Each structure stands twice: as structure tokens, then as C-alpha cells.
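Subject: Structure for you to look at

Hello,

Here is the structure I said I would pass on. Please open it alongside this message.

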Amino acid sequence: MIVFIKFVQKCEILVYFGNYLMKKHIPNALTLANALSGCIGIFWVEKNLVIAAYFIFIGLFFDFFDGFVARLLHVKSEIGKQLDSLADAVTFGVLPAFIAQKLWLSHNNNEFLVYFPFLLALFSVLRLAKFNIDTRQTDSFIGVPTPANALIWASFPLILAYQPSDLAKSIIGNAWFLGVSILLMSYLLVAELPLFALKFKDFSWKNNQIKYIFLILSLILIIFLQFWAIPLIIFLYIGLSFIKKLKI
């Protein structure tokens, strides 16, 4: 009987240890799924730019839920933080740079400018490195977050595929527009520009006025403009952050 009790106790310890390990690594598994989304998206850039763009959204889903699950399970580790940045570098840095390059190559085959869109990847990686060591970015952001930049570049192939028009082709299909967008977004990724985070300490209108205005206007833009709304929402976010800074 004593032997049986000891055996049961050992089993309970093993079960507890196994549950602990599973609990600890669930957020990391979701983060790796984000990185995998980026890898698959890069694979699809040459084959189908729309599918590649969708993998940015899939990566964004995993990027949101790895943090959500980590908080839910009360799991926090340094490796999780570093892993998150590495995954973001792939999905929200390298993949959008390849999408930008694919759009760019359709208008510019200059051998010296063919790698120009990779500035987006370089500045995304720099932005993520700065974020990891910048203690100011716990409750807000300094510079445009990499997922926001990635969403802009994901929206362009989707607009051309699902909302084709002469206007869309004349804007997104313009080499000057693409070039300026690459330079502008590369700068905004690392700019000393304070941006609010969508984190709510309470749900009062007084303390979250800018956030509620942003969410309401974003919903209206999505309803009426669909994929066109995505870049507009990102610049609405930047504009409202600037207004919030002026009011402080």
C-alpha cells in the first residue's frame, strides 16, 4: 500500500511538471506560429502576392494571441520576449519588404534600385531592437509598430485584387508613390514619435477618449472602404497620437 501511494505521488508530480511545461511553452508555440506565417508568406510572394499578404494577417492573429495567452496563463519569460521580436522581424519586417519589392519591380528594374524596398526590413529590425531596450515603450509606442507598417503593405495587393480601379492602379502602381512610401514608412518605424497603445486600464470615456474615437472611425472606414481603409487607419492612428500629444 505504501509503495502504491508513493507511485501515485510520483505520477502526480510528473503530471504537474508536464502541465507546467505545456503551460510555459504554449505562448512560445503561438509566437513560432507567427514566424511560420511569415516564412510561408515569403514563399508565396513570387507565386501569389494576395496569399502572401494574407499571411501577414495570419501572423498578426498569432502575434496578438501569444501575448494574450501569456497574460492569461501568467507566463512571462525573457526568451518569450526575444522570440516575439524575432518572429515579428520575419512576419512584419522581411515579408512586407518582399511584398514591397514585388510591387516595386513591376515598375523599376534598375539593378541598383532593385533592393531598395529592403529598407523596410532593415528599419523594422532596428525598430524591434530599439523596442526591446527602450523602457519608455511599456504603455505606449515610440515610432510606428512593425505590424502597423506590415498591414499597409499587405493592403496594397488586396486593394488591387478585390477593389481594382483606375485610381488604385494609378496610386499603388506608381513608382514614385511606392518609393516615397518605402522611405516614409522606414523613417516612421524609428522616428521619435509617441503613439498611444490600445491598452485599457479602465473603460471610461474620459481616460480613453482618443482610443474610442480611433476605434469608431476605424470601424466606419472599414465598413465603407474595405481594404482601402487599412492604410487610412494607420495614418489616422498616427494623426490622433499627434493630437493626443498636443493636448497633454
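Please keep in mind that the model is predicted.

Helix packing

Helix α2 (residues 49–72) packs against helix α5 (residues 146–162) at an angle of about 145 degrees. Their axes are 9 Å apart, and the crossing is left-handed. On the α2 side, the contact is made by L49, V50, A53, Y54, I56, F57, L60 and D63. Helix α5 contributes P147, A150, L151, A154, P157, L158, A161 and Y162. Sorted by class, this contact has 15 nonpolar residues, no polar ones and one charged residue.

Aromatic rings

There are 16 aromatic pairs in the structure. One of them joins F214 and Y237, whose ring centres are 5.7 Å apart, with 50 degrees between the planes, a tilted arrangement. The pair links distant parts of the chain, 23 residues apart: F214 belongs to helix α8 (residues 209–225) and Y237 to helix α9 (residues 229–247). Both F214 and Y237 are buried. Elsewhere, a single aromatic cluster is formed by F61, F62, F64 and F65.

A loop residue

N208 sits in the loop between β2 (194–196) and α8. N208 counts as buried because its relative accessibility is 4%, and the cut-off for buried is under 20%. Apart from neighbours within four places in sequence, N208 is in contact with K199, F200, D202 and F203.

Regards

Definitions and conventions
Residues numbered from 1 in each chain as written. Predicted model: local features only at pLDDT ≥ 70, side-chain atom pairs only at ≥ 80, totals over all residues. Heavy atoms only, no water. Axes fitted to C-alpha atoms, helices over the stretch in contact; angles between N-to-C directions. Helix = DSSP H or I, 4+ residues; strand = E, 2+ residues; numbered from the N terminus. Left-handed = near helix turned anticlockwise from the far one by under 90°. Contact = heavy atoms within 4.5 Å. Nonpolar A, V, L, I, M, F, W, Y, C, P; charged D, E, K, R; others polar. Phe/Tyr/Trp six-rings, centres within 6.5 Å; stacked < 30°, edge-to-face > 60°. Buried < 20%, exposed > 50% of the residue type's maximum accessible area, 1.4 Å probe, protein only.
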